[in-house]
Amino acid sequence: MTERVREILSWYRGENAGVLSNLARIMNHGKLAGTGKFVILPVDQGFEHGPARSFGPNPPAYDPRYHFQLAIDAGCNAYAAPLGMLQAGAADFAGDIPLILKVNNHDTLQDEKDPLGAQTSTVDDALELGCAAIGYTIYPGTLDRRLQYEQFRAISREAKEKGLAVVMWAYPRGGPISKEGETALDVTAYAAHIACELGANIVKVKLPTDFLEQKAAKEVYEKTNIERDTLAKRVAHVVKCAFDGRRIVIFSGGAMKSDDNAVLDEARAIRDGGGFGSIMGRNAFQRPKAESLKLLGDVIGILKGDKK
């Protein structure tokens, strides 16, 4: 156990020993073990966006086992996916990598204006699969956000009582939030803070732009000179809003980028801004495996400090 991992665990003294052990399990796995940094492979896109949109660019990725092996070979901290994807490989890869069961999901077969995920699996499913954590998405700003908060409260409490850590995807959208506002700095920071207030152990948000959505927030940002002219500064602000950096905040890789350098520049900004790492899905599994492993290796090297 490194001092950095001990320090991070000390921020979660309100949790039981099972939750702390599973957080340590994730932090002590893979090529970033002991550093307090994270690269996690999430593969919920088949459910969220459809199989062809998700796996068509790299057909081997239609096989759920492909993603287990990719995460293992890359040296990721953990692999996150919905129930069916994990059931298709958890026994074959038991003990090889910490798993995160995504317990709620939504599809895009209808308008996404105000998305509301359905609970698609249970805490007991996560335990049977040997998971270290559950994952859950909320959409701050949507019409049904209060219901989502209440649903999360219930399943989070059950998961923690049974010793599992809790990862929250916090994606603002819906209601009055504009498309540009979904990744606005003020809105992203607000979503990260809401996730912390709801008790998430690990918070996942999108990388923020320098746009400010809310008039009242914009006035404060400008009056107090909160810096936002670089991505690293914006990352630092989001981390600051997550209990002054005392919660683990990781950033989504977003849609597939054909330019590897764009992905690596984001990793540098996360590192320089004090972010805890990246949770990369499409930018990993939509590339041919050799290219994916190289890219993930470079991202890990940047976060670890081995690569500029």
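By class, the lining of the second largest pocket has nine nonpolar, two polar and two charged residues; here Ala, Val, Leu, Ile, Met, Phe, Trp, Tyr, Cys and Pro count as nonpolar, Asp, Glu, Lys and Arg as charged, and the others, Gly among them, as polar. I open with this site and then turn to the rest of the protein.

The model is predicted, so local features need pLDDT of at least 70 and side-chain atom pairs pLDDT 80 or more, while totals for chains, interfaces and linings use all residues. Residues are numbered from 1 along each chain as its sequence is written, and side-chain values use heavy atoms, with hydrogens and water left out.

The second largest pocket has a volume of about 270 Å³. Of its 13 lining residues, Pro140, Gly141, Ile177, Tyr190 and Gln214 are the closest to its centre. A pocket is an open set of points on a 1 Å grid over the protein atoms alone, with protein on both sides within 12 Å along at least five of seven lines; a cavity is a set where a 1.4 Å probe fits but cannot get out, and lining residues have an atom within 4 Å of a point. Points are joined across faces, edges and corners, and a volume is the space filled by probe spheres set on them.

Helix α9 gives the largest share of that lining, four residues. Helices (H or I, at least four residues) and strands (E, at least two) are DSSP runs, numbered from the N terminus. Helix α9, residues 185–197, lies across β6, β7 and β8, at about 155° to β8. Contact means heavy atoms within 4.5 Å; axes are lines fitted to C-alpha atoms, for helices over the stretch in contact, with angles from 0 to 180 degrees between N-to-C directions.

Those strands belong to a barrel of eight, closed in the order β1-β2-β3-β6-β7-β8-β9-β10 with parallel pairing. Neighbouring strands of this sheet are turned by 25° against each other on average, direction ignored. Strands pair if DSSP finds at least two bridges between them; β7 and β8 are joined by three, and Met168 has Val203 in β8 as its bridge partner.

Which residues lie nearest the centre of the largest pocket? They are His49, Tyr171, Arg173, Lys206 and Arg282, among 32 lining residues. This pocket has a volume of about 730 Å³, and its lining divides into eight nonpolar, eleven polar and 13 charged residues.

Helix α12 supplies the largest share of its lining, four residues.
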